[in-house]
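Me: I am new to reading protein models. Please take me through this one, feature by feature.

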Amino acid sequence: MAQTEPPPGTPSSPQPPSGSGSGPGPGSGDMNPWAAGGIMFAGVLLMVDGVLGAIKGIAGIASDDVYARIDDYVFNML
């Protein structure tokens, strides 16, 4: 029996189904719920910290008294 080429745009070798548990990733289904919750918590915590850091930076730039001008610097005392 002669083999024919697959139509364009299809994989040439058969791929395992996405839910086969072949490793971590989407569709593996074998991740511990505690680990998934911890990862989600850490991600949300990092996002909140980034937003608060951006707000703090904008407030520091907008405020006049955060960066004060110093006329006599340490090098003038030498």
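Reply: Start with a term. A polar contact is a pair of N or O atoms within 3.5 Å; within protein, one must be able to donate a hydrogen and the other to accept it, and residues adjacent in sequence count only if both atoms are side-chain atoms. Here, a side-chain oxygen of Asn32 comes within 3.2 Å of the backbone nitrogen of Trp34, at the start of H1. This is a predicted model: local features need pLDDT of at least 70, side-chain atom pairs count only at pLDDT 80 or more, and totals for chains, interfaces and linings use all residues. Residues are numbered from 1 along each chain as its sequence is written, and side-chain values use heavy atoms, without hydrogens and water.

Me: How many helices and strands does the chain have?

Reply: Helices (H or I, at least four residues) and strands (E, at least two) are DSSP runs, numbered from the N terminus. This chain has one helix and zero strands.

Me: What span does H1 reach from its first C-alpha to its last?

Reply: The expected span is 1.5 Å times one less than the number of residues. H1 covers residues 33-62 and reaches 43 Å, close to the 44 Å expected.

Me: Is Leu52 buried or exposed?

Reply: Buried means under 20% relative accessible area, exposed over 50%, partly exposed in between (1.4 Å probe, protein chains only). Leu52 sits in helix H1. Its relative accessible area is 52%, so Leu52 is exposed. Of the 30 residues of H1, one is buried, so the helix lies largely in the open.
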